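Please look through the sequence and the structure shown here before reading on. The report that follows takes up aromatic rings, charges over rings, a sheet and the confidence of the model.

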Amino acid sequence: MKKVFMFLFSLAFLIPITFVNAEDSLNLESESAILIDYASGKVLYEKNADAKLPMASMTKIMSMLLIMENIDNGNLNYNDKVVISKNASGMGGSQVFLQEGEEYKLEDLLKCIAVSSANDAVVAMAEKISGSVEAFVELMNKKAKDLGLENTNFANPHGLDNENHYSTARDMAKMGQELLKYQDILRFTSIYEDYLTKPDGSQVWLVNTNRLVRFYDGVDGLKTGYTTDAGYCLTATAKKNDLRLISVVMKASSGDSRSKDTATLLTYGFNSYKNVIIYSKDKELGEVQVVNGRVDKVKVYLKEDATQLLGVTEKPKDYSFNIKASKIKAPINKNTVVGTVEIIDNEGNIVREVDIIIKEELEKANFWNYLRRNLKLITSGK
């Protein structure tokens with residue numbers, strides 16, 4: 001049955017789709033949509049992008065963001081054990097049938113959330129992080145406020161319909177952009193099918209609700225959604241060459257329409273734009289003065305490649321760089337952000353501002369370092 005299902009679904013993607021030119025409407029069926037460049041956040045296409053709509057299980061993008069933040073800051077670990085509560089096991093909607101009292105690794109529950117949109121797994125994680133679903137929802141809304149998501153409100157961590165639970169295509173794209181700062185999430189959202197092994201040895205088949213992970217080259221996330229009120233929704237991301245895009249469609253009439261509109265958006269973006277690396281993170285950017293260190297200066301590098309979004313026919317521009325970093329006080333660990341650099345085009349416009357880091361440990365100077373430094377000044381006559 002699994003093979004038959006996959007074959008039938010793949011036939012839908014064999015039907016040729018004609019994509020219109022950039023100047024034309026994309027004729028999307030979805031009620032609301034947006035396409036952005038991940039690196040810059042630049043909006044490449046939008047349709048009713050600020051309409052407040054129920055977002056169904058796309059809600060789990062925020063839930064996963066909070067999980068990844070807690071892993072990143074050390075509060076959680078992929079190997080942590082999570083005990084399933086009665087509340088979590090009783091969740092309706094999409095689920096992987098977790099039972100009260102069962103124990104799972106956090107990594108397995110995150111996989112269930114990302115792949116199968118499991119409501120029981122996300123409630124278990126909400127309780128693990130905040131002690132209760134209510135406290136976790138408060139955390140979700142605080143994060144939304146911190147991100148400047150003015151048209152978003154959460155009433156739960158899973159996305160089941162609630163009149164006080166809504167977002168917009170624009171806000172969902174920003175949420176997706178924030179989640180993708182934790183690139184390890186793609187290890188889960190890019191899975192098409194896998195299994196959850198339960199404590200009794202039985203297995204639950206997990207198949208990704210985002211079919212484009214299998215059927216559109218480059219798609220590796222992020223999250224689908226469906227309820228009666230929300231219709232069919234999808235926040236997707238795909239990468240080709242150096243260009244990563246994020247698309248959102250909301251309130252499509254069917255799963256096929258949701259996938260087709262997403263494919264239309266992504267194809268338009270990849271056909272119309274390119275990302276050019278302005279400066280590589282592996283190339284030395286300059287030097288910054290060190291205070292109280294064993295060395296007087298240290299080399300600085302970009303934290304990430306600096307890129308510029310251009311139309312496919314545009315030629316790369318010339319850029320200059322303005323390092324904004326005060327003297328660095330030792331000691332300090334390698335890979336620490338020590339300032340920023342402004343990237344300026346040949347017309348004097350600041351196109352991006354990127355964090356800069358050091359790639360070596362800076363140790364504090366000792367007595368002998370100061371002595372040698374002073375002797376050098378004396379002998380040089382300075």
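## Rings, strands and confidence

Tyr279 counts as buried at 11% relative accessibility, where buried means under 20% relative accessible area, exposed means over 50%, and partly exposed lies in between, all with a 1.4 Å probe and protein chains only. The structure is a predicted model, in which local features need pLDDT of at least 70 and side-chain atom pairs count only at pLDDT 80 or more, whereas totals for chains, interfaces and linings use all residues. Residues are numbered from 1 along each chain as its sequence is written, and side-chain values use heavy atoms, with hydrogens and water left out.

A search of the whole structure finds five aromatic pairs, a pair being two rings of Phe, Tyr or Trp (its six-membered ring) with centres within 6.5 Å, called stacked if the planes are under 30 degrees apart, edge-to-face if over 60 and tilted for the rest. Two of these pairs, among the five, are set out below.

| Pair | Centre to centre | Angle between planes | Kind |
|---|---|---|---|
| Tyr268 and Tyr273 | 6.4 Å | 90° | edge-to-face |
| Tyr279 and Phe321 | 4.9 Å | 65° | edge-to-face |

The second pair links distant parts of the chain, since Tyr279 belongs to strand E10 (residues 273-279) and Phe321 to strand E14, 42 residues apart. Phe321 is partly exposed, with a relative accessible area of 30%, while Tyr268 is buried at 10% and Tyr273 is buried at 19%.

Charged side chains also meet rings: a charge sits over a ring if NZ of Lys or CZ of Arg is within 6 Å of the ring centre and within 35 degrees of the ring normal. The charged end of Arg187 sits over the ring of Tyr78, 5.1 Å from its centre, and Lys359 lies over the face of Tyr301, at 4.4 Å from the ring centre.

Strands (E) are DSSP runs of at least two residues, numbered from the N terminus, and two of them pair if DSSP finds at least two bridges between them. Six strands form an open sheet with mixed pairing, in the order E14-E16-E17-E12-E11-E15. Strand E14 (319-324) and strand E15 (328-329) stand at the edges with a single partner strand each, so one side of each is left without a neighbour in the sheet. Strands E16 (residues 337-345) and E17 (residues 350-357) run antiparallel and are joined by seven bridges; Ile344 has Ile350 in E17 as its bridge partner.

The mean pLDDT, the predictor's confidence in each residue from 0 to 100, is 90 for the protein chain, and 90% of its residues reach 70 or more.

Methods. Helix = DSSP H or I, 4+ residues; strand = E, 2+ residues; numbered from the N terminus.
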